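Biologist: I have a protein chain to look at with you. Please show me the sequence and the structure, and then let us go through some questions.

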Amino acid sequence: MFTGVTVTDASGNGIFVRNSSATAPGNAANADSLSIIDSVIARSAVNGVLVENTIGGTGNLALTITGSTFDDNASSGIATNANAGILQATIGGSGAGLANDIGVASGTQNNGVSGGATTTGRLVLDVIGNTITTNDDGLGAGGVGVASFDNAQITVTIQSNTLTSLTPAVGSPGGTAVGGISVINEGSGSNTVLIDNNTITIVDGFGIIANAQGGGAGDIDFTITNNDISVTGADIVNTSISVENTGSGGQSLCLNITGNTLATAPGSNADVVLNNTNAGNVFQVQGLAATDSTSPDLSPNSQPVEILINGNQTSSPGGTIVNPVESVGSFTVGTCSTP
C-alpha cells in the first residue's frame, strides 16, 4: 500500500509494479491487492503509475487508486496492462474522497488512464468519478484509452468522469484524432464496455471512439448512455461518438446507445457515425428501428438520417445525425451485454 506518497520528476515511471505470480492464480475473487491512496505523482518521464501482469505469468492483482493527483506525466497518468492472468483496476469511485485528479498543470500528459490486455490476459477496469485532463502534443492524446489484443479480454466501466482536452490536435483541421474516451478490440476475446454519464469536452477530435478492428475474430459489446459531449473546433472529421467495425476477421460488435447529449462542431459534421466496412462482420444495434436506407456520404446533413435508433440522443444545433460512412456490411437488431 502507498499512502500519502509524493513522487516527482522520476526518470522513468513514478511507481512501477510488475506482477508475475499470485497467491491464488486465476481466482479473481481472491486477488492479491495493491492500493495507492492520497498520493501525488508528477512530471514522470514515462507514466505516473504503471502496473502490469507479465507475459506468461500467473498474476492475479486487484489495484485501487483513490484520492490522488497526477500531473504532467509524459505518457499516461495511470497505465494498466494485463499481459497475462487477471488485473482488476479501480481508478476513483463514487464516494467522498475517492476521485482522482489526473491531468496537466503546465506540461503535457498524453493519456489520463490507459489500459491494455494481450495474449490471454484479462483486464477489469473501472474508471469512476475522476477529473481527467489531457493536453495533446500530436501523439493522439485521450482521457481514457483501452485496447484488447490476441485472445485477451477487457471488461470496462467508464462512468461519471469529467474529461477535457485542452488543445487541438496538431495539424487540425484534419489532424491527429483526439478522443475523450477510446476503447478498441483487435483480438479474438469476448469484451464488454459501459461508457455512462461522463462529461466530455474536446477541441478538434472525437468524444468517444468505440471500435472493433484488426484481424481478430472476437466480440465487443458497447453500452454508451447518458454522456454529455461537446466537440469544438474546425476539424472536418470531428464526431461526438464514432462506432466502427472495420475488422477483417469477422468481428462482432454490439452497440446500445441512448440518452446522450451531443454538440459537434462544425455543425455539418455527424454527431454519431456508425461504420461497418466488411460484409462478413456483425454489427448489431440495440433498439434499431430501421436499416441503412440511402447511400452514405461525408456530408450527413445533405440527406435523410440513415440509421434510426430508438431513444434518440439530444443534440445541438441541428438534431441527432447518425450516418454510416463507407459502410459495406449491414446493421441488425441485437441485445448487448454489460459489464
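Biologist: Is Ile195 buried or exposed, and what is its relative accessible area?

Modeller: This is a predicted model, where local features need pLDDT of at least 70, side-chain atom pairs count only at pLDDT 80 or more, and totals for chains, interfaces and linings use all residues. Residues are numbered from 1 along each chain as its sequence is written, and side-chain values use heavy atoms, with hydrogens and water left out. Buried means under 20% relative accessible area, exposed over 50%, and partly exposed in between (1.4 Å probe, protein chains only). Ile195 is buried, because its relative accessible area is 0%.

Biologist: Which residues is Ile195 in contact with, leaving aside its neighbours within four places in sequence?

Modeller: Contact means heavy atoms within 4.5 Å. With those neighbours set aside, the contacts of Ile195 are Ile158, Ile181, Val183, Ile208, Thr223, Ile224, Thr225 and Asn227.

Biologist: Ile195 is found in strand 19. How many bridges join strand 19 to strand 22?

Modeller: Strands (E, at least two residues) and helices (H or I, at least four) are DSSP runs, numbered from the N terminus. Two strands pair if DSSP finds at least two bridges between them. Strand 19 covers residues 190–196 and strand 22 covers residues 219–225; they run parallel, and the bridges joining them number seven.

Biologist: In what order do the strands of the open sheet come?

Modeller: The open sheet has 11 strands, and their pairing is parallel. Strand 1 (2–3) and strand 31 (332–333) stand at the edges with a single partner strand each, so one side of each has no neighbour in the sheet. The order is 1-4-7-10-13-16-19-22-25-28-31.

Biologist: How far apart are the closest N and O atoms of Arg18 and Glu52?

Modeller: Arg18 is exposed, with a relative accessible area of 55%, whereas Glu52 is buried at 11%. They form a salt bridge, and the closest N and O atoms are 2.7 Å apart.

Biologist: How many helices does the protein have?

Modeller: The protein has 31 strands.

How values were computed:
Salt bridge = Lys/Arg side-chain N within 4 Å of Asp/Glu carboxyl O.
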